[in-house]
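Hi,

Here is the structure I promised to send over.

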Amino acid sequence: MNNTSCPVSGRFDPAAPPVIEAENLCKTFKGASRAALDSVTLKIPRGVIFGMLGPNGAGKTTLLSILCGLLKPSSGRVRVDGKDIVTQASSVKRLLGVVPQEPAIYPALTARENLEYFGRMQGITGEHLQVRVRECLRLGELKDVENQRVEHYSGGYKRRLNLVIGLIHEPQILILDEPTVAIDPHSRSFIHQRLRELHARGVSIVMSTHQMDEAEQLCHHIAIINQGKIVTQGSLDALLESQRSGSIQAQMEQPPPPSFQGVLQRIPGVLEAYLDGRCFLVTTDDPEQTAVAVLGAVKLTGIPLVSLKFGTASLEQVFLSLTEHPLEQ
Amino acid sequence: MMDSLKKLATSVAKESRIILRDRQTMILFFVMPVLFVLILSLALRDAFGDRPGATFPMLVVDQDGGEVGKTVVSAFAANPHFRVERAGHPAPGQAALERAILDGRYRFVVIVPEGATEQAKRRVGEIAANVPPALLKDPSVQLRMLSDPTLRTDYRSMVSTALAVILHGEEMRLSGAQIEKNLRAMGYALELPTDLTRTRIFAEMRDEPLRSGRLNAIPSSVQQNAPAWTLLAMFFLTVPLSVSFIKEREQGSLSRLQTMSVPGWVVLGGKTTPYFVINQIQMVSILLVSVYVLPLLGGDRLDPGHAPLALALLGAAASLAAIGFGIAVAMYARTAEQAASFSSATVMIMAALGGILVPKAVMPPLMQQFATLSPLAWGLDGFLDVFVRGGGLMDVVPESLGLLAFSAACHTLAVLRYQNRL
């Protein structure tokens, strides 16, 4: 059913040292019954869009907060571009651009004033600052509203400004916490496009997300975190391959008749068949052989096939099998 | 360091811009305290210290028309705190007199009964003639005093005592005249001095209010209200300061700054410096209004004293104390609403306790001891050192150190809380 193209990591160099490396990272909050992070070891390759997936309370935000320098780890160490985030905090912070989940901006200031303020706080001054402000306004498509107070902006505009403030100092690494949660599809698409552009320019991107399709569309590498532990991590392709599935998923142009489920179940090799509107799912021990027979059965209905996928699992299936939690919980 | 100072200047400019765009807060900061000082200094003018005008209007109903009535009128008229009027003829009745008091036209009515002087003279004559008390024809002369029931009991008692003293003097005068008359009749030529004040055994008592030292001199209305409302305005800034801090925390902009190479003191300084400046402007504007505007409206002029450095030190110390308190509240409060309600309630309690709303000098001794718990009381004592007791820079050092220690304690609590959250 997945008809989106796999994200291409054009800047990824497997031989390059990881841009972020966490070793045995632990964090326990005062009064908490269990650790928010429990011996997290993580390698984020340089030049990729890295997605961090996990259910609510899994430890994603805690991990991102430690990477950003907002929280101190209870134990363990993190190196960003080879620098320790505790002992070389200043150097590390210059490399990072952080985009919080909620727009971290001053509503009483205009977009330009926000950008100028955060730019100066990043140590940018003079003409360079003006160049960067203009570039960020262009990137965020905020030129028309640059002198309006942000409190009058729509949610989508605030998210755009939130994003470009994180880019004001041209960071090498961009960290985003749920960048598209609760925004309209247009703004979501806008942010995805900008992230792809940044990746193409060589920016390493680390983002947490709840949205499986977003991760599949954007991320090259994935880490799944659950109950404070990294359950799995690796390239998206490798992850999907590792959970190779014996299922065949298809989507038809129109819903087939209910009797079609019986037709599918009678195909030799089919273990189970499920019909849900225009989509159906067939489980089998031999997907390649069964797929031929399934295609034949579809042809007999006279309803065109929209998509057919077999051999690999969806990210959601991977996630569910590893965490036993629905992703959008 | 230069880089950090530039960032501090940028933060101060940003915060100032945000504050200046909030008109309601601007009114709260500047207009309200000045209005409070003007209104309360004028309204409470007669409730504090020296009063230039009469406080107690008094009507004397002199039905006698003799020496007793004249003595009473002249004695009270000589006191600047009384405005004495004589009732016309015919004398108003009891109901009209009561109405005059209840309507607030007079605080006191003194009634000298008809024939009082003659009756007094007859009685003195009989006493001088050694008539036994049981056989005296004329009873004691009874003057009456009606008073405003809303007036404090101690004021009524003091006026009653003053009237008794006046009548005692009249008694002495009449007795002397009678003795002189009797001696003359017996062939002795004795002339009593006409100016009795020069022959008094005890000199007249004079009040000697202290103008220096650390005694509880009672301030005038403006001496009390100007510093009191300056301090209250300064401490009330903890409300917008703590709310602004929490909002910034909730909006995530504080966290965003933490992800940058911005030292904590720059973030803190950028946030608090504009409030410090506002505090100083509040103090200067209130003092200027008290010195130059209040007299134009009929109020007392505030004498700012001769120690501008002492005022500057107090203003800075009080502002730092208020800012420290605001930051501590912001660190411990969970929401902006919680911070606003807690800080405003606490400041009002500190103000009530610290002699801001009710002068410490008129509090009972036990409450005066409790007042020393409030940092606003320390600040007020410092200002009163300068305005009332004529103190200088060294006189306000103890109060300023107290305020600075309070500020340091609040900042320490805030830092501990902040580190605990990391």
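**What I found**

Helix H7(B) is mostly covered, with 16 of its 16 residues buried. "Buried" here is a count: 20 or more other C-beta atoms within 10 Å of the residue's own, while 12 or fewer makes it exposed and anything in between partly exposed, with C-beta atoms placed from the backbone. The helix covers residues 221-236 of chain B, and from first C-alpha to last it reaches 21 Å, close to the 22 Å expected at 1.5 Å a residue. That expected span is 1.5 Å times one less than the number of residues. Helices (H or I, at least four residues) and strands (E, at least two) are DSSP runs, numbered from the N terminus.

Before you go further, note that this is a predicted model: local features need pLDDT of at least 70, side-chain atom pairs count only at pLDDT 80 or more, and totals for chains, interfaces and linings use all residues. Residues are numbered from 1 along each chain as its sequence is written, and chains are lettered from A and ligands numbered from 1 in the order in which they are written.

**The rest of chain B**

E1(B) runs parallel to strand E2(B), residues 82-86, and five bridges join them.

**Where the chains meet**

How many residues of chain B are in contact with chain A? The count is 19, against 22 residues of chain A, where contact means C-beta atoms, placed from the backbone, within 7 Å. On the chain B side, helix H1 (2-20) and helix H9 (253-258) each supply at least two residues, and H1(B) gives the largest share, six residues. By class, that side has five nonpolar, eight polar and six charged residues. For the classes, Ala, Val, Leu, Ile, Met, Phe, Trp, Tyr, Cys and Pro are nonpolar, Asp, Glu, Lys and Arg are charged, and the others, Gly among them, are polar.

**Chain A**

Chain A comes to eleven helices and 14 strands. Its C-alpha atoms fill a box of roughly 70 × 45 × 40 Å along the principal axes, and buried residues make up 43% of its 329 residues. Of the contacts in chain A with a separation of 6 or more, 71% are between residues 24 or more positions apart.

Four strands of chain A form an open antiparallel sheet in the order E2-E1-E4-E5; strands count as paired if DSSP finds at least two bridges between them. E2(A) (37-44) and E5(A) (83-84) stand at the edges with a single partner strand each, so one side of each has no neighbour in the sheet. Helix H1(A), residues 60-68, packs on this sheet and touches E1(A), E2(A) and E4(A).

A:Arg79 is worth a look. This residue sits in strand E4 of chain A and stands opposite A:Asp84 in E5(A). Leaving out residues up to four places away in sequence, A:Arg79 touches A:Glu21 and A:Asp84. Why is A:Arg79 counted as partly exposed? Because it has 17 C-beta neighbours inside 10 Å.

Key. Contact = placed C-beta atoms within 7 Å. Axes fitted to C-alpha atoms, helices over the stretch in contact; angles between N-to-C directions.
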